[in-house]
Amino acid sequence: MEKNSKTTLRQLAEVAGCAASTVSRALTGSGYVSPQLRNRILKLARESGYFTEEQRNIAVLIPDTADFHGYLGLMLHALLEELSRQKFCPMILLENNDVQLDETILRGVITLAYRAGATAGWCNRHQLPLVSINTAPALRENIYSVCSDDEQGMKLALEYLCRRGHRRIGLLTLCFQPPEENLIQATRFRSFLELCARTPEVSGFHRNLQQRNELHRILRELIDENCTAIIAAGESLGAITAQALRDFRLRVPQDISLIASEDSGLSGCLTPPQTTIRQEMGRISAEAVNMLNRQIAGLPVRNVTVPYSLIERESVADLSC
């Protein structure tokens, strides 16, 4: 069936060989239609470009190992707010369950699956426009991305610590896969080492948690390196790192300083309130939805990088005095 923005419900019904009421039930999911006929109608609707204003479904893909504490929960919340603001109806799917994308009328897809290769082969499986958040773009497959500038964020944290006299700095990350398989953590780790190497007076020490129950052992290693400050790079790490430091009877910031990733609603309420670097998740979400709108409309699209912000509170001591 040729694509035509003026395709009507009745024309779809004629091509599908069924009643218009049956097509309506298949497209809206209200009432029974046999799976075989429904799939045929959905396929014809996609091929013809048939969408009504009421059919504003957007699929949001999340990692199969979804952990809603920290980054994923915060990012998903911001994205759902933006989709709602722009009158879209989101449908949340695990990334390995994307077979459902072929069973629903969708305008497009936004993925929060941040592992390396998460979007590989997309165009071979789907014809839907796709925008990725905090994942490398795949321009050959016409996949564009909106990403936080993790290198700039790490630079913000390191430069702030250096201005306040810290020279032995630890980086703590949380990644259940090896860091090189998680694009967010891989960029943070690489940027941290490169920035430390370009600042000869600074010694940097990186440790990664693959399980939360390793926190005390890993943190002990950074303490034994005589770190005067720790960067807890992960939205779920700030609070539990502060608690672990208290377990070691270390005071923040009198005995050791701490910069965390901003967990909105929590970081500023801790004791002491934490200095953080903040991913601008509201702006990231707005850029991602606007990018998807442009793809749907056939307009030019470019990748977008969103800078971090530094929020100065009370968890970093000034050793420069």
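Strand 3 and strand 4 run parallel and are joined by three bridges; helices (H or I, at least four residues) and strands (E, at least two) are DSSP runs, numbered from the N terminus. The model is predicted, so local features need pLDDT of at least 70 and side-chain atom pairs count only at pLDDT 80 or more, while totals for chains, interfaces and linings use all residues. Residues are numbered from 1 along each chain as its sequence is written, and side-chain values use heavy atoms, with hydrogens and water left out.

Strand 3 also pairs with strand 1, in the parallel sense and over four bridges; pairing requires that DSSP finds at least two bridges between two strands. Val109 takes part on both sides: Ala59 has Val109 as its bridge partner, and Leu130 in strand 4 stands opposite Val109. In strand 3 (residues 108-111), Gly108 and Ile110 point one way, Val109 and Thr111 point the other way, and all are buried (under 20% relative accessible area; exposed is over 50%, partly exposed in between; 1.4 Å probe, protein chains only).

Ile110 is also among the residues with the most contacts inside the largest nonpolar core, which has 28 residues. Such a core is a set of buried Ala, Val, Leu, Ile, Met, Phe, Trp, Tyr and Cys residues joined through side-chain atoms within 4.5 Å. Helix 4 gives the most to this core, with eight residues. Met75, leaving aside neighbours within four places in sequence, is in contact (heavy atoms within 4.5 Å) with Leu112, Ile133, Met281, Ile284 and Ser285. Another core, of 20 residues, lies apart from this one and includes Ile223 and Leu258.
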